2 protein chains.
Amino acid sequence: MSQPYTPTPRTRLVREAERAVYDREVAYRILDEGFLCHVGFVADGQPFVIPTSYGRQDANLYIHGSAASRMLRNLKESIPVCVTVTLLHGLVLARSIFNHSMNYESVVILGKATLVDDPVEKLEALRLLSEHIIPGRWADSRQPNERELKATSVLRVPIEEFSAKVRKGPAVDDEEDYSFPTWAGVVPLEIRAGEPINDARLQPGQTAPEYARQYSRRR
Amino acid sequence: MSQPYTPTPRTRLVREAERAVYDREVAYRILDEGFLCHVGFVADGQPFVIPTSYGRQDANLYIHGSAASRMLRNLKESIPVCVTVTLLHGLVLARSIFNHSMNYESVVILGKATLVDDPVEKLEALRLLSEHIIPGRWADSRQPNERELKATSVLRVPIEEFSAKVRKGPAVDDEEDYSFPTWAGVVPLEIRAGEPINDARLQPGQTAPEYARQYSRRR
């Protein structure tokens, strides 16, 4: 179901506005296909951008705090962040250099990240994160104990102020360039999973489960 | 040749320090395998993170300004940025949830982005960017004209203050977890290029060139 949303001045796209999508369902689809985000925050006036994993529940994004210790050191109540998720789908080769492009989908979320303190919410967020990355894995793993839960940080970012951007389809050249003598088209790109590599210390009889053998981000 | 480099307090890794690499050659290899970066900058106290493409020449990174209009509006002389490049190589499934991880390589560059004004440097930077993404394409395309050059922004970021992070290999579980009855291992991930899709308005006789048919990021 389409849920249009009115962009704020901070999330309204100023360039290539025709690629803008302010629809919550589109943003959720992109967020659910990806699992790696880049989190931006500011420390002493300097921006930092750190890759980390995430999960989503309704209008909340949960970010694994592993990579964000510099951010967490600065975190009192909450900290302004930007969370960006980009899915790359192809290289667009036009006749002119100027019209070369990429097919991609991205979501940019502006918001305040807050540490998840409540142990029940934290455990649930870790389950979400795990199931977001590899559905089915949580139940097959040794669950977090109290010490591990304490050593793990999870941040919550509400998905309130956001924009999505989608570029797809063929190259768009200037009309007079269509006679230029070169090939044009799209090179599709996708993330593919290879054969699972067994751990060297597997217990006898353990074989790779289907979620590892058939891993895909298609949703 | 290894070129060790002394991290600054801002680029010294505070967590998982065993994954830190302060070697320029390692950073260059990662930067040269990727072509999508996430650029962080600050506007009105709010961090923004924007995906865009880049190229490298020696110790300079050139960033395509297409996606960064919000940044460019704020750009006077130069603006502090963080440029992060992440290559994802696999999912690491441990016995315990806590020890799940990802195999990846990333580079984080802190620096000041400056607009490339000089038309000769700008054209050369655009050629670098193009050749970085698809080697061989520049010569086959209609070159940028003066109007297009003016409409394109390129930013230069010196690669001076940076860190790289590399996580590879198998899962590392706590010793007592190796008897836990589950599978463990690595699901390798890679970006694969599919068959090139011909543009609907190709000139007769144009076929996909080898750089499109055999596209790979392996360097």
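**Close-up views of a predicted two-chain model**

In strand β9(B), the bridge partner of A:Ala193 is B:Leu189. The model is predicted. The legends below start at the contact between the chains and then turn to single elements and residues.

**View 1. Strand β9 of chain A pairs with β9(B) across the two chains.** β9 of chain A covers residues 185–193. The two strands run antiparallel and share five bridges. One of these pairs A:Ala193 with B:Leu189.

**View 2. The contact draws 79 residues from chain B and 79 residues from chain A.** On chain B, the elements that each supply at least two residues include β2 (36–43), β3 (46–57), α2 (69–73) and β5. β6 (101–115), α3 (119–133), β9 (185–193) and β10 (197–198) of chain B are also among them. β9(B) gives the most to this side, with nine residues. By class, the side of chain B that touches chain A holds 45 nonpolar, 21 polar and 13 charged residues.

View 3. α3(A) covers residues 119–133. The buried residues of α3(A) are A:Lys122, A:Ala125, A:Leu126, A:Leu129, A:Ser130 and A:Ile133. Down the helix axis they fall within an arc of 135°, so they line one face of α3(A). In an α-helix there are 3.6 residues a turn, so residues three or four places apart point the same way. Within chain A, the buried residues of α3(A) pack against β3 (46–57), β4 (60–64), α4 (137–140), α5 (146–151) and β7 (154–158). They also pack against β5 (79–93) of chain B.

**View 4. Strand β3(A) pairs with β2(A) and with β4(A).** Ten of the twelve residues of β3(A) are buried, so the strand is largely enclosed by the rest of the structure. Eight bridges join β2 (residues 36–43) of chain A to β3(A), and the two run antiparallel. A:Leu36 stands opposite A:Ser53 in β3(A). Four bridges link β3(A) to β4(A), again in the antiparallel sense. Here A:Tyr54 has A:Ile63 of β4(A) as its bridge partner.

**View 5. Two hairpin turns in chain A each hold an Asp with positive phi.** β2(A) and β3(A) form a hairpin with two residues between them. A:Asp44 lies in this loop. Its phi is near 55°, a positive value in a residue other than glycine. A:Asp44 is exposed, with 7 other C-beta atoms within 10 Å. β3(A) and β4(A) form a hairpin too, with two residues between them. A:Asp58 lies in that loop. The phi of A:Asp58 is near 50°, which is positive in a residue other than glycine. A:Asp58 is exposed, with 8 other C-beta atoms within 10 Å.

**View 6. Strand β7(A) is mostly covered.** Four of its five residues are buried. β7(A) pairs with β4(A) in the antiparallel sense over five bridges. In this pairing, A:His64 stands opposite A:Val154. Two bridges join β6 (residues 101–115) of chain A to β7(A), and these strands also run antiparallel. Here A:Thr114 stands opposite A:Arg156.

**View 7. A:Ile63 sits in the largest nonpolar core, which has 108 residues.** Together with A:Ile109, B:Ile63 and B:Ile109, A:Ile63 touches the most other members. Leaving out residues up to four places away in sequence, A:Ile63 touches A:Cys37, A:Val39, A:Thr52, A:Tyr54, A:Val83, A:Ala113, A:Leu155 and A:Val157. In soluble globular proteins, nonpolar side chains tend to be buried together.

**View 8. B:Arg217 lies in the segment after α5 (210–213) of chain B.** B:Arg217 is partly exposed, with 15 other C-beta atoms within 10 Å. Beyond its neighbours within four places in sequence, B:Arg217 is in contact with B:Glu33 and B:Ile191. B:Arg217 and B:Ile134 are 83 residues apart in sequence, yet 9.2 Å apart in space, C-alpha to C-alpha.

**View 9. Chain A as a whole has six helices and ten strands.** Of its 219 residues, 40% are buried. Among contacts in chain A between residues at least 6 apart in sequence, 69% join residues at least 24 apart.

Terms used. Residues are numbered from 1 along each chain as its sequence is written. Chains are lettered from A and ligands numbered from 1 in the order in which they are written. This is a predicted model: local features need pLDDT of at least 70, side-chain atom pairs count only at pLDDT 80 or more; totals for chains, interfaces and linings use all residues. The expected span of a helix is 1.5 Å times one less than its number of residues. A residue is buried if 20 or more other C-beta atoms lie within 10 Å of its own, exposed if 12 or fewer, and partly exposed in between; C-beta atoms are placed from the backbone. The arc is that of the directions from the helix axis to the C-beta atoms. Two residues are in contact if their C-beta atoms, placed from the backbone, lie within 7 Å. A nonpolar core is a set of buried Ala, Val, Leu, Ile, Met, Phe, Trp, Tyr and Cys residues joined through C-beta atoms within 7 Å. Ala, Val, Leu, Ile, Met, Phe, Trp, Tyr, Cys and Pro count as nonpolar, Asp, Glu, Lys and Arg as charged, and the others, Gly among them, as polar. Two strands pair if DSSP finds at least two bridges between them.
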